[in-house]
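Student: I have a model open and would like to learn how to read its features. Could we go through it together?

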Amino acid sequence: MYKTVVDNTPLIKVSSAKHEANYSVNGSLMNPLEAFYAALAACAAVYAKKACKELGIPAEGIEIACKPFAGPGGPLTLAKFKSDVHFPEHFTTEQKAKILDSIAHCAVKEIVMDGPSIEFQVAEV
């Protein structure tokens, strides 16, 4: 479960059983939408590391640059999320393909892709 208490500051603190994440609405920290995009980038890195571990090679030096593209509904819609991956020279074509395939199937991206089937509920308790 994730919990936050709303106050009059620009900060937003979200807690789980183990961790706390901090956001803001004034630009001093990422806002939740920026953090969502950052989670997609982080997920790509996690899956790159997992693929490298399976291949028995170090992940060091892989660079992943991610960019969201707004949809026809403006900046609050997401039409495309592009991940550009740069590999150090020592990676083989086969290793690169395995890592790229792993990144393409990261869990956060898969949840977003299944989005239309997610039910969101808001209720007073």
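**Cysteines, sheet and helix**

Tutor: Gladly, and let's begin with the cysteines: the closest cysteine sulfur to that of C66 belongs to C106 and lies 8.7 Å away, too far for a bond. Keep in mind that this is a predicted model.

Student: How many disulfides does the structure hold?

Tutor: In general, a disulfide is a covalent bond between the sulfur atoms of two cysteines. Here the count is zero. The cut-off for a disulfide is 2.5 Å between the sulfur atoms, and the C66 sulfur is 8.7 Å from that of C106.

Student: Is C106 buried or exposed?

Tutor: C106 is buried, at 2% relative accessibility. C66 is partly exposed, with a relative accessible area of 25%.

Student: Now the sheet. What is the order of the strands?

Tutor: As a general idea, strands of a sheet pair through backbone hydrogen bonds, either parallel or antiparallel. In this model three strands form an open sheet, ordered 1-2-3, and the pairing is antiparallel. Strand 1 (3–4) and strand 3 (20–24) each have a single partner strand, so at these edges one side of each is left without a neighbour in the sheet.

Student: How many bridges join strand 2 to strand 3?

Tutor: Five bridges connect strand 2 (residues 11–15) with strand 3. Within this antiparallel pair, K13 is opposite N22 of strand 3.

Student: And where is K49 placed?

Tutor: K49 belongs to helix 1 (residues 32–55). K49 is exposed, its relative accessible area being 57%. Along the chain, K49 and S102 are 53 residues apart, while their C-alpha atoms are separated by 9.3 Å.

Key. Residues are numbered from 1 along each chain as its sequence is written. This is a predicted model: local features need pLDDT of at least 70, side-chain atom pairs count only at pLDDT 80 or more; totals for chains, interfaces and linings use all residues. Side-chain values use heavy atoms; hydrogens and water are left out. Two strands pair if DSSP finds at least two bridges between them. Helices (H or I, at least four residues) and strands (E, at least two) are DSSP runs, numbered from the N terminus. Buried means under 20% relative accessible area, exposed over 50%, partly exposed in between (1.4 Å probe, protein chains only).
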